[in-house]
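Open the model in a viewer and keep the selection tool at hand.

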Amino acid sequence: MKASTCKACGNVTFPYQPICSRCRGRNVEPVELRGNGRIVSYTVNYQYREGFERQAPQIVALIELEEGPKILGLLTDAEPEEVYEGQRVTAVLRRVSTDSYHGIIYYALKFRPVRDGS
Amino acid sequence: MVRVFLTGASMFKVGRHYNMGFIDLVNEVFSSLESSMSFQTDAVVVASAYPEKTSDQVLLASKVIQEMGMGDNVLGLRVEEGDASGLAALAVGFSLVKSGLAKNVLLLGLEKQSEFPSRRLNDIVAQNLDEVYSHGVGLTNHSVAAILMREHMKAHGLDYEYYASWPIVMHDNAKGNPYAYLDFKVTMDAIKSAQVVSDPLRLFDIAPRADGAAAVLLSSEEATPKNDARVEVVSVSSSVVRGDYEPRLLSVGNSMRSSLSQAGLSMSDVDLFEIHDSYSVMASMILEETGLTPPGRGLEILQHVPVNVGGGLKARGYPGGATGIYQLAEAYQHLTGTFPGKRVENAEVALVQGMSDLGETSFSALLRVM
Ligand SMILES: [Zn+2]
């Protein structure tokens, strides 16, 4: 998860871009985010996109990462009734979709809840 | 300075037009415009967001020019800026007239969206999302809007019923609009018990995407008939602001204030707003940017100022990139007293606001009767 840290104002922009999203300064350096954060808000989606039906139930969360940026992410290894605001999550690589015609499997980052002891 | 006027408008009912292709839709609006006025088109600017995906079509402007028999010397081009394409096309047409390159520019909004099940349409419009981290993982626009709605609710202590006031008023406004897709009344109970799409977002919180075609004619002063009330396009503005998931729409405020200040007017001078209510929460956040309501209470403006009198995206329907052209056509007809549905009396100043589905980019146009 590459982001940019601004050396002028300290702001972290995700995903990485060569210009700070807050002060528009160009003095930024790439930083690898740890992928840990907390759920700010979430929604359970019932209307999937074509090719993503296997994600049901699809839980989308607004996550505030430790380094500062807020991002949207899909939760994995979680049931809707267990999710709550303030819950700790961490990024993991998971399969997101399959192109059955070309036989390609796509992987991307998802977030799983951090439970006590895990 | 060359002045730019809106001199004609034509709309086709937003809906499910399975048996009509792009040219059939164009024919409806172009022939009705031609029968109401005489003009020589110098340029055609097509506003369409998704034709490659929905219809395997490009080169739309050239096809329109040929099939409508506009002549051999007409400039044709298409503008794509997602669901903001309509007002982006206005910016282009406005520039063509201002620069003297064209005396009459036909802005044509065209979109086909109803031939698909929702999972396919959701996939098509998800092209608007960030390439890697939102589109790539399978998010839908609806889920992003749902998160914004949740954040808006929490920030302002609102319950679901607050948002339900929007579809009630929009559906009521659409009654009598012959171009509206959903011209029926809805009740609070029906809205509150409708299908959950992505909680807290329910069916009536989402503008229904459908097929549509609309046209407006932009003319230089010399090409504008002198006898009628003339509608001037005083200013066209835009703003792009990176979304940060805060429940506000900075791009909207920027574009609206810029349009007004160029015209030397303020928000309280606006007699009629046309806004891009892709979701009820968007309507609220757009209207909060006017500064005419308490924070987080954008929808309360409905009690004081006419907004989306033809039903808005919610009930007139949401024809994607063609939306802005419908908004311009409706505003023009209100200002000239020719709108065939519910009317605004004695309106002289209209602010038309259009944007991408989730509001990263917003355009505004200030129209004024001269
Ligand atoms: Zn900075």
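A cavity here is a set of grid points where a 1.4 Å probe fits but cannot get out. This is a predicted model, and by that rule it holds one cavity of 30 Å³ or more.

**Stop 1: the cavity**

Select M1(A), F14(A), I71(A), L72(A), G73(A), L74(A), L109(A), F111(A), Y133(B) and V137(B), which line the largest cavity. The space inside amounts to about 60 Å³. Strand 6 and strand 8 of chain A are the elements that give two or more residues to this lining. Strand 6 gives the most, with four residues. What kinds of residue make up the lining of the largest cavity? Nine are nonpolar, one is polar and none is charged.

**Stop 2: the largest pocket**

Next, select V241(B), R242(B), G243(B), D244(B) and Y245(B). Of the 38 residues that line the largest pocket, these lie closest to its centre. The pocket has a volume of about 1200 Å³.

Now colour the elements around it. From chain A, strand 2 (12-13) and strand 6 each supply at least two residues of the lining, as do helix 6 (131-135), helix 7 (141-156) and helix 10 (250-263) of chain B. Strand 6 of chain A gives the most to this lining too, with three residues. By type, the pocket lining divides into 18 nonpolar, 10 polar and 10 charged residues.

**Stop 3: the contact between the chains**

Show chain A and chain B in separate colours. The contact takes 33 residues from chain A and 31 residues from chain B. Between them the two chains bury about 2700 Å², with 51% of it on carbon and sulfur atoms. Which residues of chain A lose the most area to chain B? Select Q47(A), R49(A) and L72(A): together they account for 30% of what that side buries. L72(A) was also on the list for the cavity lining.

Then select E53(A) and R119(B). They form a salt bridge, with the closest N and O atoms 3.7 Å apart.

To finish, highlight strand 4 (36-45), strand 5 (58-65), strand 6 (70-74) and strand 8 (104-113) of chain A, the elements that give two or more residues to the side touching chain B. Strand 4 gives the most to that side, with six residues. The residues on this side of chain A divide into 18 nonpolar, nine polar and six charged.

Notes: Residues numbered from 1 in each chain as written. Chains lettered and ligands numbered in written order. Predicted model: local features only at pLDDT ≥ 70, side-chain atom pairs only at ≥ 80, totals over all residues. Heavy atoms only, no water. Contact = heavy atoms within 4.5 Å. Buried area = accessible area lost by both parts, 1.4 Å probe. Salt bridge = Lys/Arg side-chain N within 4 Å of Asp/Glu carboxyl O. Nonpolar A, V, L, I, M, F, W, Y, C, P; charged D, E, K, R; others polar. 1 Å grid on protein atoms, 1.4 Å probe; cavity = no way out; pocket = protein on both sides within 12 Å on 5 of 7 lines; lining within 4 Å. Points joined across faces, edges and corners; volume = space filled by probe spheres on them.
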